[in-house]
Amino acid sequence: MCIRDRKRLEQAEQRDHRKLGQELDLFSINEDVGAGLPLWHPKGALLRQIIEEYWIKEHLKNGYEILRTPHIGHLKLWKTSGHLDFYKESLYSPIDIEGEKYLLKPMNCPFHIKIYQTKIRSYKDLPLRWAELGTVYRYERSGVLHGLTRVRGFTQDDAHTFCTIEQLNKEIAATLKFGIKMLKDFGFKNYDVYLSTRPKKYVGTLKNWEKATKALENGLKKTKLKYQIDPGEGVFYGPKIDIKIKDSLGRAWQCTTIQVDFNLPERFKMTYIDEKGKKQQPIMIHRALLGSLERFVGVLLEHYGGALPFWLSPTQVAVLPISQKHIKYSASIIDELKKHHIRAWLDERNDTIGKKIREAELQKIPYILIIGDKEVKSKTVAVRERHKGDIGAKPLKEFLKRLPK
């Protein structure tokens, strides 16, 4: 192995999200709970909450409405959708409830369709863009499970757009732009785009497959994205666009997927009323922009080596009093930081300041404020910035101005 490859392997080992998850106290996987079922610790759960709040805010800005659906659904839903026949290897055994069979949901789409069907829809209602952070369950063999990036229960940043054929190209282009914008916001600027075509095992007519593939091609051309063809890698109900991001070590990760589906609207007999008062079948766009939140957190940790950007860090500022007599002033600093919506933590332990600094740095906290006699007297804070070290004493107002927006 050459020196460059060895160094890259060492970097990958240091950035392993399973190792970082333990060191940063973000998540764990316990054999008594079950393989592939992560437990989120307070800081990890907060990180997820930060991502979810960003996700909801961005979706509302982009014309989506938020849905919530159950974790189980009647077996007949999955028979109608085709998952029972075409996705069987990923399904768990049915649950018997009062003589009726239910499944842990592998997908959110049938639930969204059923919400669509609660009333008569007009062409004036379309497009409908419905999004859900929906937890789904898919069987994975124990040998392929891997930390957060391959699990059995995960939350998908899912959405479905119901539109007319005339609206399809515009909706695909808008979804692509939205997906790329979100990835860039998280620091992923390098990516490859793939158009995945009809697999050997599929449902629906060739004519509809051709229409769906053409619509995806048009969306890619409209956004001027370079792409490659990935033959036969579409899902059983339709072709798709996949965006694979590259992390800081140049490794590719599958995140964004956009799929055009004529099949499910047909199987569920979905309709809307057109301008002439006639029933028409809507087209369905399935899409996930970040993919599984579990997997995305794992990718984020490896991309940044655990040193997350300021806005994503569960703890943004640690306040370290040198001795117990400095706690009162330190607590007032914490109160002021929280008024400015900064996620701050006060280390009140009766340890040496050297130990406190070392531990805060190991936790990869972006800013450390040290409080001693000099700071109390001058009403300042001694600032240490991640990757830069000591940057001097500053009044709190000046420090706040320095923080990333």
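Reader: Which way do β7 and β8 pair, and over how many bridges?
Author: Strand β7 (residues 128-137) and strand β8 pair in the antiparallel sense, over ten bridges. Strands pair if DSSP finds at least two bridges between them. Ala131 has Ala159 in β8 as its bridge partner.

Reader: Where do these names and numbers come from?
Author: This is a predicted model, in which local features need pLDDT of at least 70 and side-chain atom pairs count only at pLDDT 80 or more, while totals for chains, interfaces and linings use all residues. Residues are numbered from 1 along each chain as its sequence is written, and side-chain values use heavy atoms, with hydrogens and water left out. Helices (H or I, at least four residues) and strands (E, at least two) are DSSP runs, numbered from the N terminus.

Reader: Back to β8. How does it pair with β15?
Author: β8 and strand β15 (residues 283-292) pair in the antiparallel sense over seven bridges. Thr161 stands opposite Ile285 in β15.

Reader: How many residues of β8 are buried?
Author: Eleven of the eleven residues of β8 (residues 153-163) are buried, so the strand is largely enclosed by the rest of the structure. Buried means under 20% relative accessible area, exposed over 50%, and partly exposed in between (1.4 Å probe, protein chains only).

Reader: Which residues point which way from β8?
Author: Gly153, Thr155, Asp157, Ala159, Thr161 and Cys163 point one way. Phe154, Gln156, Asp158, His160 and Phe162 point the other way. In a regular strand the side chains alternate between the two faces of the sheet.

Reader: What is the strand order in the open sheet?
Author: The open sheet has eight strands, in the order β3-β7-β8-β15-β12-β11-β9-β10, with mixed pairing. The edge strands are β3 (65-66) and β10 (228-230), and each pairs on one side only.

Reader: And how many bridges join β9 to β11?
Author: Six bridges join strand β9 (residues 191-196) to strand β11 (residues 240-246), and the two run antiparallel. Ser196 stands opposite Lys240 in β11. Helix α8 (residues 206-222) packs on the sheet, touching β9, β11 and β12 (252-261). The direction of α8 makes about 155° with that of β9.

Reader: What follows α3?
Author: Gly63 follows α3, and its phi is positive, near 80°.

Reader: How do α3 and α10 cross?
Author: The axes of α3 and α10 (residues 293-304) come within 11 Å and cross at roughly 105°. That makes α3 roughly perpendicular to α10. Axes are lines fitted to C-alpha atoms, for helices over the stretch in contact, and angles run from 0 to 180 degrees between N-to-C directions. Angles under 35 degrees count as roughly parallel, over 145 as roughly antiparallel, 65 to 115 as roughly perpendicular and the rest as oblique.

Reader: Which residues meet there?
Author: Leu47, Arg48, Ile51 and Glu52 in α3 meet Leu293, Glu294, Val297 and Leu300 in α10.

Reader: What does Ile51 touch, skipping residues up to four places away in sequence?
Author: Ile51 touches Phe186, Leu290, Leu293, Val297, Leu300 and Leu312. Contact means heavy atoms within 4.5 Å.

Reader: Which residues have the most contacts inside the largest nonpolar core?
Author: Ile51, Ile172, Phe186, Ile241 and Leu290 do, in a core of 51 residues. Helix α7 (residues 168-185) gives the most to this core, with seven residues. A nonpolar core is a set of buried Ala, Val, Leu, Ile, Met, Phe, Trp, Tyr and Cys residues joined through side-chain atoms within 4.5 Å.

Reader: Last one: is His326 buried or exposed?
Author: His326 is buried, with a relative accessible area of 5%. His326 lies in the loop between β16 (317-321) and α11 (327-339). Leaving aside neighbours within four places in sequence, His326 is in contact with Pro321, Ile371, Gly372, Asp373 and Val376.
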